[in-house]
Each structure stands twice: as structure tokens, then as C-alpha cells.
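Work through the exercises below with the structure open beside you. Try each task before reading its solution.

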Amino acid sequence: MNIIDKIISNFINNKSLYIGEKVTISEHMIQTAMIAEKSKSSNNLICSCLLHDYGHFILEDPDKLVRKKIDGKHEDIGYEYLKKFFKKEVVEPIKYHVLAKRYLAKEKKYFDSLSEASKISLKLQGGALNKKESKEFEKKDFFKNSIKLRKFDEVAKRTGIKMKSIIEYKDLLNFQLL
Ligand SMILES: [Fe+2]
């Protein structure tokens, strides 16, 4: 099976809920991509959004990890796998979307806006970045898109909205291949 068909089949078959939320991981990623499209993002960023939590599909049991208070590093797992197939512009924001959360969490207003599940995972991910770490992150090529991805990610947890199907993203995925 080629990578695009494999991704599509994972989206369709994986019914796990996004940790602490009422939407599945598949729905959550599709919603993130839909928000990116609405914000007139580049195709690269839309594709990053669509695949940003793909690492959760690869991890054996994400819920169990949370219960055991272990960070599964889903951003690295997704990145390491997807970089074999997709452009750098697509996979780098995936790698950095957790760092982006840690960057944004320096602001109290942002921290307070996080869901309870997200506050718990923030702690496991190492908490908010300090000044020096933040400066380092700002220098990265994909800093801006990583922050954008994270902001779309945050609000992509709604139920009862009209959803696109993963099939509708097949061409977009194909165009972002290496
Ligand atoms: Fe996410």
C-alpha cells in the first residue's frame, strides 16, 4: 500500500478519542486542517495541520501513557515517520508544534485558555519555555508556521460541525510528497 492510501486508511479506521476531548484524533486533525484552510494558509501548512498528531496513530496506547504520566513524544514519532515521505516544510511544524505550545504557555492568558488535559500534558512535555529557550525557538525557520499550527490545533476540538472527509485531502497530500 502506498503512503497516501495508508494514511487515509488510518484516518478512517482509527476511532480513538483525542485525549480528554469528545472528538476522535482523525476528526481533530481534519478540523485543524479545515481551520488552516479558512485562514488562507499555504498548502504546506494545511498539510502539516492535517498530519500534526499522526504520531498518536503510531503510538501503541496514547491514553495509557497519559494515565501513567509519560509523555509519548508523539511530535517526534510523527515527524520521524512522515519526513521519509513529505517535504520539510510540511514536517518541521509537526516536529515543533509541542514546542510552540510550550512557547505560548509563557503567557498567562494562553495558559489559562488550555483545556485541563492540555495543562496536564504541558507539564509532562516540560512546561513553559524560559526566555533563553524562547529566543532559540524564534530563530528556527519554521517558528511562525509552528505557532500557527498550534493555534489552529487548540480550537479544533468542536463536535457537531460539518466535517470534511480525509478523502477530500487526497490530492493535497499527494502534492506535498517528496
Ligand atoms: Fe493536536
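## Exercise 1: the pocket lining

The lining of the largest pocket holds four nonpolar, one polar and two charged residues. (Ala, Val, Leu, Ile, Met, Phe, Trp, Tyr, Cys and Pro count as nonpolar, Asp, Glu, Lys and Arg as charged, and the others, Gly among them, as polar.) This is a predicted model, in which local features need pLDDT of at least 70, side-chain atom pairs count only at pLDDT 80 or more, and totals for chains, interfaces and linings use all residues. Residues are numbered from 1 along each chain as its sequence is written, and side-chain values use heavy atoms, with hydrogens and water left out.

**Task.** List the residues that line the largest pocket, and find the helix that gives the most to this lining.

**Solution.** 
1. Start with the term. On a 1 Å grid over the protein atoms alone, a pocket is an open set of points with protein on both sides within 12 Å along at least five of seven lines. Lining residues have an atom within 4 Å of a point.
2. The lining consists of Gln31, Met34, Ile35, Lys38, Val155, Arg158 and Ile161.
3. Helix H2 (residues 25–38) gives the most, with four residues. Helices here are DSSP runs (H or I, at least four residues), numbered from the N terminus.
4. The volume of this pocket is about 170 Å³. That is the space filled by probe spheres set on the grid points, which are joined across faces, edges and corners.

## Exercise 2: one lining residue

**Solution.** 
1. (Buried means under 20%, exposed over 50%, partly exposed in between, with a 1.4 Å probe and protein chains only.)
2. Contact means heavy atoms within 4.5 Å.
3. For a distance, take Leu50, 15 residues from Ile35 along the chain: their C-alpha atoms are separated by 10 Å.

## Exercise 3: the iron site

**Task.** Which protein atoms are the donors of the iron ion? What kind of site do their angles give?

**Solution.** 
1. Donors are N, O and S atoms within 2.8 Å of the metal (3.2 Å for Na, K and Ca); water is not among the atoms, so sites may look incomplete.
2. The protein donors are His28 (NE2), His52 (NE2), Asp53 (OD) and Asp153 (OD), lying 2.2 to 2.3 Å from the iron ion.
3. Along the chain, these donors follow the spacing H-x23-H-D-x99-D.
4. His52 lies in the loop between helix H3 (43–51) and helix H4 (55–58), and Asp153 in helix H11 (residues 143–155), so the pair ties together parts that are 101 residues apart in sequence.
5. His52 is buried, at 0% relative accessible area. Asp153 is buried too, at 1%.
6. The angles among the four donor atoms run from 77 to 169°, and the site is irregular. Four donors count as tetrahedral if all angles lie between 85 and 135 degrees; four count as square planar and six as octahedral if opposite donors are over 155 degrees apart and all others between 65 and 115; anything else is irregular.

## Exercise 4: two threonines

**Task.** Locate Thr159 and Thr24, and state whether each is buried, partly exposed or exposed.

**Solution.** 
1. Thr159 is in the loop between H11 and helix H12 (170–175). Its relative accessible area is 49%, partly exposed.
2. Beyond four places in sequence, Thr159 is in contact with Lys22 and Val23.
3. Thr159 and His28 are 131 residues apart in sequence, and 9.6 Å apart in space, C-alpha to C-alpha.
4. Thr24 lies in the loop between helix H1 (3–13) and H2. Thr24 is buried, at 14%.

## Exercise 5: a positive phi

**Task.** Where is Lys40, and is this residue buried or exposed?

**Solution.** 
1. Lys40 is found in the loop between H2 and H3.
2. At 74% relative accessibility, Lys40 is exposed.
3. Phi of Lys40 is near 55°, a positive value in a residue other than glycine.

Note on methods. On a 1 Å grid over the protein atoms alone, a cavity is a set of points where a 1.4 Å probe fits but cannot get out, and a pocket is an open set with protein on both sides within 12 Å along at least five of seven lines; lining residues have an atom within 4 Å of a point.
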